[in-house]
Amino acid sequence: MPQIYGKAARSLPTAVADSTQIQQRVTSYGDVTTVQMGDNHSSLADEGSYYKVCTLGTGITQHGTATSLQAYSATLPLFLMKNTSATGKRLFLDYFRLISLASATTSSSVQCAIVIEDADRYSSGGNVYAPVNVNSSVASSSAVTFYASNSASSGGVITATAGSSPRQVLRHTFKTVAAPAVIVGDIFGVDVGEHSSQSGTLSATAPTAYATSTGPICVGPGHSLLVYLWYPAVTVSPQYEFEIGWWER
Amino acid sequence: MPLVYGKATRSLPTSAALDEEQVQPRLNLYGDTSVSIRGDAHSAVADEGSYYKAANPYKSSVGTAPAFTQIPGYYTTVGAAYNSTTPTFVLYNSASSGGKTIFLDYVRLIVAGATGQNSIASAATGRQCAVAIDTSTRITSTTGGNVCVPSNSNMSSPSTSVGVLRFGNVGTVSSTATALTVTAATGTQRTVARHSFQLGASASAADARGEQFSIDFGERSISSIPNASAGGAQQLWVGTSGPVALGAGHTLLFYMWYPSLTTGIMPMNFEIGWWER
């Protein structure tokens, strides 16, 4: 069988001039040495695989009956993402960020979970936001249908099906503090996949950015991703603007 | 057809080759190529001459040790709400169709000027930010703004940028006669970043000279940080976002606004980094 060989070079080799033919460099163990051009996510943007949904000036009201948000409910996600790809593409969630626009009166903490399921969990309601490709040279559309709950809009609140084989892939407490746990200016963010979250307070009384990270989350064609936030003891619904990013491959 | 083979090795091979020896590329048990990355991703693009930065000139009295208070910065007009025609800065990709794409890396803004050189009223309740890209050419002959020539970060590279950056207003401290103004957003505009830097009860605290506002694009590390004004103390406010790619002939617009504010003037220094490929 034909075999390919590289030249082992642990120390820095002598540089050649542009356009010179040169053998591929490998480590002393055969690892191919490489230089990465640009960060990983920008490479995805370059090939047209990266999408975002960002609000701009108009936020969402999570639920008109805030007491519905006092406990986790499988049928009341904040966001629901449906992968409708007919070409086998998978959705890789990258991050999301929520910017609080109003105080969630009497809430005592901010709880979060992400669930994925190998089925369409969408039943009714919600605002549909059209994802944008972050590469202005690429017109290709996302395979994801993105819903956000917004009781202040005609779409209203998302109702998801109960689910039969859900997989919980994130569980977090953003904040625990004397009411209200959500105030104007708070920012709640989750970094997915590569991550290096930093320590910080969980109980500030002034506006604060709360960040966390988690391992990768991947959703196949025909499958769903649901983001849940709930707030024990809340009586006034949170309101947010948001930014969310993902890629499809 | 010829097939390419490597040597599958899950554990570290027991024998290390000497430099110059011929070695088969290493694969894992699934056939994936084992790689060893040299240097960070951004330094690699700088090495090939593809990384650029733009910053406003550092001004000081000749022969005098520069003091921060002597840097006036560029004056930007800020309002109480988002307005698609009045960005803080605009970056246009002047490459011909099919040419290079600009990948935005980071933006850093530094509040400049001596005390009293901004006209931000005390009513503002925070600093909001958004980034948009548009397939339309949003700049015109009357766009205004200070033209800032990008610098190649590699001193050995003569390559010049396809980016055309215009920042802030042209004029004196209180002048808004040539405010940076672009054409209105069309249906082709895409919002690709949204952030709230800071909430505070008083803008006089929100615009303390030396305060910095920074966004990293692409890879990022989310931080848990205070988002409230710290009274009169300067702070570094950071945000992160996913990647942004600006194609040839397209426009990137960076917006900031101050809710509850009446229109005011803010002096800014800045540093913006990107690469082009």
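What follows is a series of questions and answers on the terms used for this predicted model.

Q: How are residues and chains named here, and which parts of the model count?
A: Residues are numbered from 1 along each chain as its sequence is written, and chains are lettered from A, with ligands numbered from 1, in the order in which they are written. Because this is a predicted model, local features need pLDDT of at least 70 and side-chain atom pairs count only at pLDDT 80 or more, whereas totals for chains, interfaces and linings use all residues; side-chain values use heavy atoms, with hydrogens and water left out.

Q: How do you know that Cys218(A) is in no disulfide?
A: A disulfide is defined as a pair of cysteine sulfur atoms within 2.5 Å. The structure holds 0 disulfides over all chains, and for Cys218(A) the nearest cysteine sulfur, that of Cys112(A), is 19 Å away. For Cys129(B), also in no disulfide, the nearest cysteine sulfur belongs to Cys54(A) and is 11 Å away.

Q: Why is Cys129(B) called buried, and why is Cys218(A) called partly exposed?
A: By definition, buried means under 20% relative accessible area, exposed over 50%, and partly exposed in between (1.4 Å probe, protein chains only). Cys129(B) has a relative accessible area of 1% and is therefore buried, while Cys218(A), with 31%, is partly exposed.

Q: Which phi value is found at Thr106(A), and where does the residue lie?
A: Phi of Thr106(A) is near 70 degrees, a positive value in a residue other than glycine, and Thr106(A) belongs to the loop between strand 7 (91-100) and strand 8 (109-117) of chain A. Its relative accessible area is 33%, so Thr106(A) is partly exposed.

Q: Why is the peptide bond from Ala179(A) to Pro180(A) called cis?
A: The bond from Ala179(A) to Pro180(A) has omega near 0 degrees and is cis; Pro180(A) is found in the loop between strand 14 (167-176) and strand 15 (187-192) of chain A.

Q: What does Gly125(A) touch, and why is the residue called buried?
A: Gly125(A) is buried because its relative accessible area is 19%. Contact means heavy atoms within 4.5 Å, and, not counting residues up to four places away in sequence, Gly125(A) touches Tyr147(A), Gly155(A), Val157(A) and Ile158(A). Gly125(A) and Gly155(A) are 30 residues apart in sequence, yet 5.2 Å apart in space, C-alpha to C-alpha.

Q: What makes a group of residues a nonpolar core, and which residues have the most contacts inside the largest one?
A: A nonpolar core is a set of buried Ala, Val, Leu, Ile, Met, Phe, Trp, Tyr and Cys residues joined through side-chain atoms within 4.5 Å. The largest has 53 residues, and those with the most contacts inside it are Leu109(B), Leu252(B), Phe254(B) and Phe270(B). Its largest share, 7 residues, comes from strand 8 (residues 102-111) of chain B. Apart from it lies another core of 41 residues, among them Ala104(A), Leu170(A), Ala181(A) and Trp246(A).

Q: What makes a space a cavity and not a pocket?
A: On a 1 Å grid over the protein atoms alone, a cavity is a set of points where a 1.4 Å probe fits but cannot get out, whereas a pocket is an open set with protein on both sides within 12 Å along at least five of seven lines; lining residues have an atom within 4 Å of a point. The search of the whole structure finds 4 cavities of 30 Å³ or more, and the largest pocket holds about 950 Å³ of space. That pocket is lined by 26 residues, of which Leu12(A), Pro13(A), Ala15(A), Ile22(A) and Arg25(A) lie nearest its centre.

Notes
Grid points are joined across faces, edges and corners, and a volume is the space filled by probe spheres set on the points. Helices (H or I, at least four residues) and strands (E, at least two) are DSSP runs, numbered from the N terminus.
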